[in-house]
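Reader: I would like to learn how to read a fold from its coordinates. Please take me through one case.

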Amino acid sequence: MDTSFYIARRNRLAATIGPGGIAVIPTAPERPRNRDSDYLYRHDSYFYYLTGFTEPNAWLVLTGSGHATLFCAPKDLEREIWDGHRLGPEAAPEALGVDAACPVTELDTKLPRLLENTAAVWYPFATHKGLESRIDGWLSSVRSRVRFGAMCPDQQRDLCGPLDEMRLVKDAHELDIIRRAGKISAGAHVRAMQASARMLREGSDLREYHLDAELLHEFRRGGSQYPAYPSIVAAGANACVLHYHADAAPVRPGELVLIDAGCELDGYASDITRTFPADGKFTGPQRALYDIVLASQVAAVAATKAGNRFNDPHEAAVKVLAQGMLDVGLLDANKVGSLEDVIEQRAYFPFYMHRTGHWMGMDVHDSGSYVEPTQQGEVSERKDPLSGETIKNRPSRILHPGMVLTIEPGIYVRPGEGVPAQFHHIGIRIEDDAIVTPDGCELTTRDAPVDADEIEALMR
């Protein structure tokens with residue numbers, strides 16, 4: 001394993017916490033699913049970002065001077081027969097590029113001594129249940145030694161802030177993995193589209209879980225470890241449930257299928273949504289709404305570039321979506337007014353109720369502030385026209401090359417008073433992953449088509 005990425009990140013973090021600082025970062029715990037069975041293990045993202053180590057039951061301790069100590073599970077032949085190979089503390093320094101490694105069984109003994117004579121202890125706040133109590137216990141042990149000249153840290157600092165800033169802009173190594181994850185996931189969406197059309201042509205009883213199986217097969221066939229999040233496979237009216245999960249609902253000719261699914265590859269996510277006609281042919285009302293959503297995504301993509309704000313793609317998408325809703329009669333201009341009125345009053349909200357994107361990286365909804373840090377003090381207030389609550393606005397984040405975000409506008413039409421019947425139960429979302437570049441953005445997931453004619457041709 002190339003450890004240079006992780007060493008550089010640790011050195012950068014050490015410079016942030018500074019002389020007198022010490023950081024304590026645990027990985028994720030194993031979690032029981034039911035009797036004698038755990039959930040499939042997945043490491044903590046912060047911990048992995050700094051170590052590249054995927055085993056459970058491990059901790060990283062990093063000083064402001066850059067000295068890194070790993071605590072990990074000791075070698076145990078009997079447990080390794082059952083649970084798999086362990087790296088062990090003896091091999092960890094060379095394998096991971098850390099300065100020292102100790103058995104995790106010595107954590108409670110060694111941590112108080114490591115914390116002695118430091119000024120500030122850094123750890124991720126509110127991310128690991130019970131971590132604050134363990135820190136308190138170690139600090140209590142340090143205080144018991146003050147009569148012998150030991151100094152106890154008098155500050156506790158949140159490590160999430162500096163780590164979030166580091167993770168927000170991806171390096172070349174990270175972007176390469178994200179591109180490969182996007183390619184695998186795009187192939188899975190193509191496979192699901194084609195399977196849907198084929199099975200309906202054959203007269204098969206097609207269910208949402210059949211298409212979910214196609215996705216999972218292609219994820220693993222491409223080398224990914226697991227889905228980045230529970231896949232959404234929503235047929236017909238189920239597409240109007242934003243976080244619907246694949247179930248046993250039938251997939252019928254004449255209905256749309258919305259699939260929101262992406263794999264995780266080597267610790268990095270992908271996130272794609274495609275909406276397609278189950279039998280490969282859009283109806284007139286479906287195509288009308290689909291083309292509006294696609295046009296809104298095109299506008300959002302054009303607004304995604306270095307120097308623009310994070311909110312710019314959302315605002316560009318909303319403008320196109322709102323005009324489209326007026327054009328096709330989803331919104332009655334006699335009741336809601338002009339395009340500007342629709343946007344100001346958020347009259348589009350019943351049909352589009354989420355944001356157009358989010359950060360993506362090691363977590364599918366990745367870490368990082370959405371507020372521009374140089375303008376946090378610039379606060380304005382507005383009253384939300386729908387809820388009536390007062391909302392504090394701060395300038396949104398300025399986009400920089402290497403940031404990665406999703407672009408995912410949609411329209412979801414539930415039956416209601418004044419809603420044209422031909423659009424009832426239609427749910428559409430189109431989502432791609434975008435790497436910000438100096439001149440625009442690179443879409444890493446377009447191996448799965450978005451143009452309606454191209455989707456129909458693929459499914460034929």
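Predicted model: local features only at pLDDT ≥ 70, side-chain atom pairs only at ≥ 80, totals over all residues.

Reader: How many helices and strands are in the protein?

Author: Helices (H or I, at least four residues) and strands (E, at least two) are DSSP runs, numbered from the N terminus. The protein has 14 helices and 21 strands.

Reader: What radius of gyration does the protein have?

Author: The radius is taken over C-alpha atoms, and the globule rule is 2.2 Å times the number of residues to the power 0.38. For 460 residues, a compact globule would be near 23 Å; the protein has 25 Å, which agrees. Its C-alpha atoms fill a box of roughly 80 × 55 × 40 Å along the principal axes.

Reader: What share of the residues is buried?

Author: Buried means under 20% relative accessible area, with a 1.4 Å probe and protein chains only. Here 51% of the 460 residues are buried.

Reader: Where does helix 7 lie, and is it enclosed or open?

Author: Helix 7 spans residues 160-168; 7 of its 9 residues are buried, so it is largely enclosed by the rest of the structure. Among the buried ones are Cys 160, Asp 164 and Arg 167.

Reader: What do the buried residues of helix 7 pack against?

Author: Contact means heavy atoms within 4.5 Å. The partners are helix 1 (4-17), helix 2 (45-51), strand 7 (120-123), strand 8 (155-158) and strand 17 (404-407).

Methods:
Residues numbered from 1 in each chain as written. Heavy atoms only, no water. Buried < 20%, exposed > 50% of the residue type's maximum accessible area, 1.4 Å probe, protein only.
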